[in-house]
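Reader: I am new to this structure, and I would like to learn how to read its features one at a time. Could you show me the model and take me through it?

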Amino acid sequence: MQLAVLGGFVVAALVPLLHQWFGTRTARVLALLPAAIAAWLLAQWPVIAAGETLWLEWAWVPGLDITLTFLIDGLAWLFAMLISVIGTLVLLYAGDYLHGHRDLPRFLVVITAFMMSMLGLVLADNLVALFVFWELTSITSYLLIGFNHTDLAARKSAQQGLFVTVGGGLALLAGFAMLALAGDSWSLAELTTQGEALKAHALYTPLLICVLLGAFTKSAQFPFHFWLPNAMAAPTPVSAYLHSATMVKAGVYLLARLHPALGGTEPWVITLSLVGALTMATGAFLAIQHTNVKKLLAYSTVMALGTLTMLLGIGSEYALTAFVVFLLAHSLYKGALFMVAGILDHEAGTKDVTAMGGLRHLMPRTALVAAVAALSLAGLPPLLGFLGKELMLEAVLGASHYRGVILLLAFVAAFLTLAVAAIVALRPFFGPVRETPRVPHEAPAGMLVGPALLATLSLLFGLVPGLLDPLVDATLAGLGVPEAETHLALWHGINLPLLLSLASLALGGLVARRWDRLRGQLARLEPLMARGPEAGYEALMAGMVRLAEWQTRFLQNGYIRNYLVMTLLVLVGLVGHALLVRHTPSLSFALDVYLHEAMVAGLMVAGAVAACVMRSRLAAVAAVGVMGFSIALTFVLFSAPDLAITQLLVETLTVILLVLVLFRLPRFATLSTPAERLRDLAVAGLSGGLVTLLMLAVLSGERLPRISDYMVANSQPLGHGHNIVNVILVDFRALDTLGEMFVLALAAIGVYAMLRFHAEAYEARDAANTRRSDDG
Amino acid sequence: MEPLLAVAIGTLFAAAIYMMLRRSIVKLVIGLMLLSNAANLLIFATAGLTRGAPPLVPEGLTAPEGVVADPLPQALVLTAIVIAFGVLSFAVVLVRRAWEIVRADDLDRMKETDT
């Protein structure tokens with residue numbers, strides 16, 4: 001399996017090649033990969049159904065104890081199955097949706113990589129591996145949302161999605177680190193067995209906050225819900241796949257996976273159920289303000305994600321059953337509806353539901369699929385969505401904290417969702433026929449097979465819910481409810497959830513009927529909406545840009561001396577601190593100095609200081625010369641004849657060069673204030689003092705054996721030279737000398753080029769420019 | 001002698017840095033010259049100073065008799081002196097060209113890209 005997932009990334013990289021062989025059929029060929037994975041998963045079903053867990057181990061970074069272990073229990077199986085089955089359908093669909101699109105190969109590369117990341121995420125047992133796959137889904141979905149990269153809105157949405165999810169990812173990483181510390185293990189399977197110890201641990205609250213931040217951003221929970229509808233800038237197959245069935249479910253998956261380890265405590269229950277319920281109501285409320293079919297569906301996804309989070313928060317066995325059923329129902333109908341939305345866009349050329357009408361005559365099959373899927377979304381019998389909604393309401397009635405608030409929010413969400421379903425299914429297909437930008441006709445088979453299959457499954461599971469019993473049991477085992485005995489049934493008798501459903505049907509129908517007028521009234525809330533969390537995000541981004549600008553202006557200000565001063569002060573501070581604290585240099589030295597040596601050193605210092613204070617350029621150059629020749633004398637005094645000769649030659653050449661060029665250079669000017677000079681003097685004094693101290697420290701330290709002993713011993717026998725320095729230069733370290741020659745040659749070429757390229761060339765160009773502008 | 005030279009080298013570094021912090025571009029070049037000389041001397045002196053024993057092998061022998069000065073730092077410094085000269089001549093010509101084009105001696109005024 002690891003091979004399939006990691007191999008999938010390789011296949012993704014090879015897509016451009018495949019595209020050359022298979023052309024427009026590439027998507028269909030590629031669909032074989034998730035189909036094969038789905039088939040393999042299906043073959044494992046007997047093991048999973050027996051309540052066992054499949055372990056697939058593969059050492060990844062043995063040194064750090066990181067293994068790429070895949071763990072397949074009921075929960076992972078359900079998610080992996082959804083990812084691979086819907087993935088197969090989406091690839092088939094995308095092949096036709098983007099038929100002939102120039103960038104189809106690029107799309108297929110990224111979506112395949114995304115699919116594999118998502119599979120890795122739900123199957124991984126190791127926290128680090130899970131995190132890597134988690135971030136991979138963020139990055140690949142960024143590339144998918146920004147697929148139309150020439151569109152500014154798409155780029156902005158992609159960036160927003162990335163920042164929100166990756167920002168949450170950072171929190172998640174911290175949360176995982178604390179989780180591993182608290183549970184003393186990186187393995188999810190081990191962590192889930194020590195729930196009691198984790199909940200009692202001192203790190204429980206901070207780690208819960210971090211993990212929840214990660215999961216909430218990924219799953220678009222309030223107040224991070226805004227990125228998901230914006231992500232609808234992606235091509236529709238992406239919306240169908242990432243933003244309904246997979247990516248956003250990653251957060252929900254993580255919460256479900258950690259439920260046995262972290263769930264059930266008061267903070268967990270209250271946070272999850274309240275945030276979830278709030279997200280539900282917000283999503284459903286924002287949905288009905290939009291006429292763009294993709295936005296309508298996106299906000300209803302936000303609502304569904306809120307529902308799932310809330311159910312995990314409530315956490316009773318009933319709620320967890322509802323979680324599984326609702327998850328499955330949502331993936332089936334939402335995938336189908338997004339694909340229908342894509343068909344509408346593709347065939348009719350618009351996404352606005354108010355601009356379409358009467359399409360059932362022209363595209364009867366699409367209309368049928370849309371109707372079935374929308375019935376499931378609305379939660380009407382006999383579809384799986386109905387079952388999910390009934391279970392959800394039942395679970396809410398059994399909530400332990402804030403039951404009234406949650407119930408109210410859930411009820412609002414339920415009837416508004418019903419209205420959304422009615423709008424999406426009825427508006428485009430019924431009523432009078434309207435003119436659309438394109439003449440609509442039935443979608444190609446490749447685009448219909450996916451939604452049709454998903455809608456059929458919704459219907460089948462709704463009619464025969466008993467089929468799901470073993471799957472729900474197996475998944476519940478992964479959620480920490482072993483040996484559950486679920487018996488799903490469509491008809492529960494007349495009870496409170498059914499009455500609530502009837503009430504929501506009536507209210508939802510009313511909203512759908514009055515939708516046009518209602519939208520007008522809601523539009524008046526616009527100023528309030530503008531203050532939502534998205535505005536906060538925008539303000540944060542703008543603030544970051546301003547901070548970056550400020551620190552660039554402050555640090556990268558383009559003044560060479562500011563860079564120098566800063567670098568030097570940091571250097572003096574760090575090295576000086578280490579020197580004084582760790583290694584106080586002893587200042588007691590036996591001074592064996594001859595008078596002539598001291599005079600040479602004095603001359604050297606005098607030359608350097610004079611070069612600084614001279615007001616005439618010539619005098620300064622002469623002072624530098626004095627210093628250079630004193631250095632040459634030092635070399636003579638201390639047994640370095642070769643250095644002395646070189647220094648003399650170079651110093652002479654330097655003085656000649658400077659004198660030649662000097663008269664073409666500006667005179668010295670006093671440009672700085674006395675205060676500035678004082679500051680510079682202080683910096684220079686500190687740096688110089690540091691060098692002196694460093695050298696004293698080196699001298700007082702222990703001497704290591706000289707590496708040059710070998711050179712001294714072998715200069716004559718191996719190098720056949722009596723001057724050891726020369727032998728080192730041309731033999732032992734000849735490569736250094738070669739490099740030196742290159743540097744010199746480069747400098748010579750540079751000097752030559754600059755001298756040849758006269759200023760006249762510039763002047764001529766300026767003159768020409770002036771003439772041109774005069775003529776113009 | 002080394003402690004005395006340490007103080008001298010420190011002064012050389014201080015002078016070089018002071019000159020490099022000036023706004024006048026010619027002073028920057030002079031600072032560069034002082035800096036390369038100071039660095040060379042530092043490498044040479046930290047290896048330890050030896051009087052009157054150059055690293056030479058007398059005629060007829062395969063190795064010098066007794067202790068000689070360490071030849072490796074000398075070889076390194078020799079390379080450094082030559083490279084410093086190359087860099088300096090490049091810098092001087094660059095400064096001259098910049099002066100010809102921009103006609104500004106002040107580094108602060110050279111900061112703008114379209115002077």
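Predicted model: local features only at pLDDT ≥ 70, side-chain atom pairs only at ≥ 80, totals over all residues.

Reader: How many residues of chain A and chain B are in contact, and what area is buried between them?

Author: Contact means heavy atoms within 4.5 Å, and by that rule 97 residues of chain A are in contact with 84 residues of chain B. Buried area is the accessible area (1.4 Å probe) that two parts lose on being put together, summed over both; here that is about 8,500 Å², of which carbon and sulfur atoms give 77%. On the side of chain A, F638(A), M695(A) and M754(A) lose the most area to chain B, together 8% of what that side buries.

Reader: How many salt bridges does the rule find across this interface?

Author: A salt bridge is a side-chain nitrogen of Lys or Arg within 4 Å of a carboxyl oxygen of Asp or Glu, and the rule finds two across the interface of chain A and chain B. In one of them R22(B) pairs with D680(A), with the closest N and O atoms 2.8 Å apart. Helix α31 (residues 674-700) of chain A gives the largest share of the side that touches chain B, 14 residues, where helices (H or I, at least four residues) and strands (E, at least two) are DSSP runs numbered from the N terminus.

Reader: Which peptide bonds are cis, and which residues have a positive phi?

Author: Most residues other than glycine have a negative phi, and most peptide bonds are trans. The bond from F222(A) to P223(A) is cis, with omega near 5°, and P223(A) lies in the loop between α11 (204-218) and α12 (227-230) of chain A. The bond from P381(A) to P382(A) is also cis, with omega near 5°. Y402(A) is not a glycine but has a positive phi of about 50°, and phi of H720(A) is near 55°.

Reader: Is H720(A) buried or exposed?

Author: Buried means under 20% relative accessible area, exposed over 50%, and partly exposed in between (1.4 Å probe, protein chains only). H720(A) is exposed, with a relative accessible area of 64%, whereas Y402(A) is partly exposed at 46%.

Conventions. Residues numbered from 1 in each chain as written. Chains lettered and ligands numbered in written order. Heavy atoms only, no water.
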